[in-house]
Amino acid sequence: MIETERLIIRPWRDGDRAPFAAMGQDAEVRRFLGPLQSRAESDALIDRMIAMEADLGYCLWAIERRADATFLGFCGLNAGPVGTPLEGGLEIGWRLARAYWGQGYAREAALACLDWTWANLAIEGLFSMTVPANTASWGLMERLGMFQLQGRDFDHPGVPDGSPLKRHIVYRIDRPADRPFVNHIG
């Protein structure tokens with residue numbers, strides 16, 4: 001569990017399923033992600049995240065607001081998708097319910113997840129991706145200190161040809177020089 005001033009970033013719970021499914025049915029939340037998600041698709045994503053955390057110790061964790069335990073969305077780490085420039089690396093990602101946009105929650109959660117990553121994983125950097133039209137997402141990437149990898153734009157293999165969501169841009173953040181990895185185990 002990761003705690004910030006306003007947030008708890010934690011493992012998924014069964015109680016997160018309904019609000020997460022509602023996010024998957026919100027056309028604005030899905031605007032740059034693709035078609036609306038069924039409850040089964042939302043539940044399957046949660047199940048994958050639970051399994052990923054059990055196997056690797058990280059995932060796209062659930063975010064709740066400390067003040068009232070409201071589920072806000074997710075933030076964390078995921079494997080770079082196969083067939084993309086992120087394959088073989090780790091991606092930082094986030095998604096919040098629309099009611100919580102514009103309040104700094106995504107940035108607060110992402111900064112905490114970056115801090116957790118540098119403290120716990122022996123990696124040199126993280127990636128993120130989005131469609132060029134998603135200015136809020138890549139704007140946050142830049143506010144986090146990420147930089148766009150020029151010449152690494154790609155057509156996402158999981159998006160149908162002809163979709164306006166096919167083209168993606170890639171961002172990266174490198175491990176800060178003042179955050180060398182120290183293995184705390186053994």
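**Close-up views of a predicted model**

**View 1. A salt bridge links Asp-161 and Lys-166.** Lys-166 is buried, with a relative accessible area of 13%. Here buried means under 20% relative accessible area, exposed over 50% and partly exposed in between (1.4 Å probe, protein chains only). Asp-161 is exposed, at 69% relative accessible area. The closest N and O atoms of the pair are 3.2 Å apart. A salt bridge is a side-chain nitrogen of Lys or Arg within 4 Å of a carboxyl oxygen of Asp or Glu. Elsewhere, salt bridges with shared partners join Asp-14, Arg-17, Arg-39, Asp-43 and Asp-47 into one network. The structure holds 15 salt bridges.

The model is predicted: local features need pLDDT of at least 70 and side-chain atom pairs count only at pLDDT 80 or more, while totals for chains, interfaces and linings use all residues. Residues are numbered from 1 along each chain as its sequence is written, and side-chain values use heavy atoms, leaving out hydrogens and water.

**View 2. Arg-10 pairs with Asp-16 in a salt bridge.** The closest N and O atoms lie 2.8 Å apart. Arg-10 is buried, with a relative accessible area of 2%. Asp-16 is buried as well, at 3%.

**View 3. Arg-31 and Glu-28 meet through their side chains.** The N to O distance in this salt bridge is 3.9 Å. Glu-28 is partly exposed, with 34% relative accessible area.

**View 4. The largest nonpolar core has 46 residues.** Such a core is a set of buried Ala, Val, Leu, Ile, Met, Phe, Trp, Tyr and Cys residues joined through side-chain atoms within 4.5 Å. Trp-12, Ile-92 and Trp-94 touch the most other members. Helix α3 (residues 105-120) gives the largest share, nine residues. Helices are DSSP runs (H or I, at least four residues), numbered from the N terminus. Another core, of six residues, lies apart from this one and includes Phe-127, Met-129, Leu-149 and Phe-154.

**View 5. Helices α1 and α2 pack at an angle of about 120°.** Helix α1 spans residues 17-24, and α2 spans residues 39-56. Their axes are 9 Å apart. Axes are lines fitted to C-alpha atoms, for helices over the stretch in contact, and angles run from 0 to 180 degrees between N-to-C directions. Contact means heavy atoms within 4.5 Å. Arg-17, Ala-18, Phe-20 and Ala-21 in α1 meet residues of α2, among them Arg-39, Asp-43 and Ile-50.

Conventions: Helices (H or I, at least four residues) and strands (E, at least two) are DSSP runs, numbered from the N terminus.
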